[in-house]
Amino acid sequence: MKVYLPILSAFTLFCTNVTAQNSVIGMTCEYLTNPIGIDASNPRFNWRFEDNVFEKQVAYKVTVDKDSSALVSNKASVWNSGKVNSDKSLVVFSGNSLSPFTKYYWRVEAWDKQNKVYKSSISSFETGFLNSGNWKGAWISDGEDKDLKPAPYFRKVFDASKTIKSARAYIAAAGLYELYINGTRVGDYRLDPMFTRFDRRNLYVTYDVTQALQAGKNAVGVILGNGWYNFQSQAVWHFERAPWRNRPTFCMDLKITYTDGSEITISSDRDWKTSTGPIVYNSIYTGEHYDARLEQDGWNTINFDDSKWKNASYRKVPGQYISAEAMQPIRNVEKLQPVSIQKVSDSDYIFNIGRNIAGVTSLTIAGDAGTVVRVIHAERLDKNGKLDQSNIDYFLSGKTKAEDPFGTDIYTLNGKGTQTFMPHFDYKGFQYVEVKADRPISLTKESLTAYFMHSDVAPVGKIQSSNDIINKIYAATNASYLSNLFGYPTDCPQREKNGWTGDAHIAVETGLYNFDALTVYEKWLQDMRDEQQPNGTLPAIIPTDGWGYDWGNGPDWTSGIAIIPWNIYLFYGDDKILKDNYENIKRYVDRITTTAPEGLTSWGLGDWIPVKSKTPVEFTSSIYYYADAEIAAKIAKLFGRSADYEKYSQLKEKIKNAINNKYLNKEKIIYGEGFQTELAAPLYWGVVPENLRLQMAANLAKAVADNHFHLDVGLLGTKAILGALSNNGQAETAYRLASQKEYPSWGWWIVNGATTLYENWNIDQQRDLSLNHIMFGEIGAWLYKGLGGIQPDEQQPGFKNILLRPNFVEGLTEFSAEHTSPYGKIISSWKRTSGGIEWIVNIPGNSSATVLLPNTIVALTDNGKKVTSANSQRIEAGTHVFLLKEK
């Protein structure tokens with residue numbers, strides 16, 4: 001039994017004299033702030049309210065116009081929703097058809113219960129092509145063979161004959177690119193466009209280049225990198241054999257609007273000039289080779305002599321679709337200086353960055369012309385203090401390692417003084433960097449800078465506790481999550497960089513509690529839909545060149561097609577992602593059904609990398625099959641698809657019964673042999689019969705205690721075990737597991753120096769030991785769910801109503817969890833005092849919460865007033881201070 005606490009006196013910190021102007025904040029269009037170049041014909045608008053200003057919205061009005069002044073004068077002609085009686089703060093545009101290449105302004109007015117109106121500031125969004133038929137540019141390349149190693153450079157000079165009002169550059173590429181105007185690189189995005197299945201879909205990026213242009217002549221320059229399109233390294237996933245593989249290519253339209261209203265478009269065509277340059281080799285997988293002696297100074301400026309450059313060549317369109325890249329970009333997000341430098345010899349130095357990251361290094365160096373400098377990246381040192389790549393380089397073909405060394409940038413100096421080198425088209429996973437030259441060089445600690453690169457998603461979560469191990473595990477989890485977010489979720493940033501579907505759905509809640517990553521997942525789910533075969537099969541890695549359709553896939557991994565959209569719906573309250581993927585989810589579940597007519601399936605990898613106990617693959621895969629069918633049924637019900645709802649409801653019960661009939665021992669109340677994963681997975685995913693649930697959890701707690709509170713699980717068990725315990729009255733055991741410092745545990749990694757999560761519990765493992773893996777990252781979400789108790793309410797998703805189920809475990813004296821939901825900041829912060837427990841809760845405006853406390857807690861007061869317990873009582877927006885006493 002849970003104890004439910006009503007709030008009979010809800011104290012709120014709302015001010016009565018606040019100005020109504022600009023109290024509406026958090027304005028986003030397609031989950032981006034003032035985006036340009038979006039292709040959504042019916043974009044989504046979101047807003048929220050300043051903290052402690054707004055309690056409840058009862059109506060809204062959204063207006064859209066091409067002229068911002070029309071919003072002020074209430075004369076919007078593109079869309080005026082009128083006053084809508086609703087508490088929604090996510091609205092889909094339903095006005096007049098949007099035009100391509102057009103800037104629109106939008107504004108929100110919201111009314112509270114006192115009929116007071118609150119107005120937002122004016123925001124904007126700008127459409128892109130909307131239709132691929134609007135492109136004027138041609139796809140061009142340099143006409144060379146895909147095996148040619150030097151990167152192609154392109155340039156174009158044009159004349160801007162009038163005064164420029166605005167200019168936009170739209171560029172799509174198969175491969176990677178960097179864009180320059182008048183000698184200066186445009187923007188700070190890295191590794192654009194994002195990786196897709198290139199023969200299905202290519203992405204374009206939009207830039208505001210108004211300030212980069214000048215009156216008269218201008219020069220545009222483009223460098224193309226190989227990326228995953230022209231994979232020239234050789235590794236086990238066969239991207240070098242990808243059906244799309246070719247020399248990189250791009251298509252570009254530069255649209256200029258003059259102050260007199262006239263427009264011109266500078267497009268990619270055969271008139272562009274092309275040559276090679278100093279980037280003599282680049283691999284997204286291994287590194288970049290740069291020969292500074294081949295630099296052509298001023299190649300991207302108007303006065304450069306390009307008479308020796310040839311004309312570009314036309315190329316076939318690489319994919320079926322060209323879509324806007326409407327998502328947070330990859331950036332060099334954090335700059336890190338080395339914490340130490342070791343001089344091995346006059347030509348060899350080792351730098352320690354201090355923590356494990358994904359990204360690149362920048363080297364400032366001077367030396368004689370022809371000096372070859374190798375910048376080698378690794379996660380660890382060997383016992384002699386030398387770089388050790390043996391845990392991450394073994395998938396690279398030995399035939400090519402000599403000329404294409406792993407994790408290594410190679411720079412050849414030109415002897416013209418001090419230069420700074422940073423790779424253009426790759427990233428690595430590393431903590432240690434060795435700079436090794438073929439002749440003496442002079443370096444200091446300041447010679448090297450590291451950059452932590454990842455998709456630049458905004459932080460929306462924070463955990464702080466009285467246990468330093470928990471704090472470090474939390475930081476390590478976030479570091480691994482970000483290290484594996486590069487326009488798609490990856491497994492590790494060094495050895496593979498693959499979009500493993502299992503790793504992604506295991507870590508999705510960790511990501512969503514901590515970062516505003518919806519746009520990245522929306523893009524990746526489009527990749528999933530592009531990869532799904534007509535019969536519903538999905539590959540193990542996405543995007544893929546074809547590898548993974550016959551190994552590594554199955555319900556335990558590729559359930560990401562169902563689990564990720566469902567979680568995004570719970571966190572954001574936006575059903576678009578369910579609509580986009582519903583038919584694909586059905587097709588996937590139906591595909592499993594064809595191979596599992598009796599309700600059990602052994603299709604999958606199972607509880608990957610367990611400590612010792614091996615749970616049957618059929619058991620875990622069937623549980624994920626059940627979870628997929630349940631999600632399909634829930635979505636069907638949500639959309640009023642009664643036939644589908646009946647079908648998948650019956651299917652999930654069939655699967656559940658099949659699992660229980662074969663594996664459940666009703667006398668011992670265990671599954672199988674009683675391994676931790678065998679008890680945790682069915683508890684977590686709801687397979688255990690209700691009358692056995694609490695005893696099953698007790699048996700799981702006993703199994704953990706019998707193992708001295710150590711983990712004995714693999715990937716799938718790790719996802720389930722903490723929640724299975726804390727959701728069922730065994731939070732103390734869950735916390736002892738989470739805070740354990742002995743092998744095997746998360747804390748074991750930390751006490752041994754980890755700053756990220758590892759791939760294997762055994763830190764002495766010879767293989768399968770990436771030191772920056774996200775697959776064991778569920779603990780990052782559990783801290784919010786299991787200790788802070790912040791959980792979405794399926795009946796009112798997007799944290800419209802928050803379920804607050806904290807656990808005040810004995811091992812902590814203080815704990816605080818914060819999550820910025822679509823409605824604002826949720827806080828659940830508690831500490832032990834001489835009088836009991838003080839629990840501070842903040843509920844953002846226009847949302848509410850339901851408090852569910854453990855049986856051991858008696859509520860004393862809420863903001864100084866006595867509280868009477870009752871079932872399922874709700875508290876409203878505002879700050880509440882509870883004083884609690886344990887029985």
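1. Helix α3 (residues 501-514) contributes four residues to the lining of the second largest cavity, the most of any element. Helices here are DSSP runs (H or I, at least four residues), numbered from the N terminus. The lining consists of Y481, N484, P489, T490, D503, A504, A507, V508, Y521 and I774, and the volume is about 50 Å³. By class it has seven nonpolar, two polar and one charged residues.

2. The model is predicted: local features need pLDDT of at least 70, side-chain atom pairs count only at pLDDT 80 or more, and totals for chains, interfaces and linings use all residues. Residues are numbered from 1 along each chain as its sequence is written, and side-chain values use heavy atoms, without hydrogens and water.

3. The largest cavity has a volume of about 120 Å³. Its lining comprises 14 residues, with L191, F195, W228, I284 and F486 nearest the centre. Twelve of the lining residues are nonpolar, two are polar and none is charged. A cavity is a set of points on a 1 Å grid where a 1.4 Å probe fits but cannot get out, and lining residues have an atom within 4 Å of a point.

4. Helix α8 (residues 617-638) and helix α10 (residues 676-685) have axes that come within 10 Å and cross at roughly 5°. The two helices are therefore roughly parallel (angles under 35 degrees). The contact (heavy atoms within 4.5 Å) includes F619 and Y624 of α8, and P682 and W685 of α10. By class, this contact has eight nonpolar, two polar and two charged residues.

Notes. 1 Å grid on protein atoms, 1.4 Å probe; cavity = no way out; pocket = protein on both sides within 12 Å on 5 of 7 lines; lining within 4 Å. Points joined across faces, edges and corners; volume = space filled by probe spheres on them. Nonpolar A, V, L, I, M, F, W, Y, C, P; charged D, E, K, R; others polar. Axes fitted to C-alpha atoms, helices over the stretch in contact; angles between N-to-C directions. Parallel < 35°, antiparallel > 145°, perpendicular 65-115°, else oblique.
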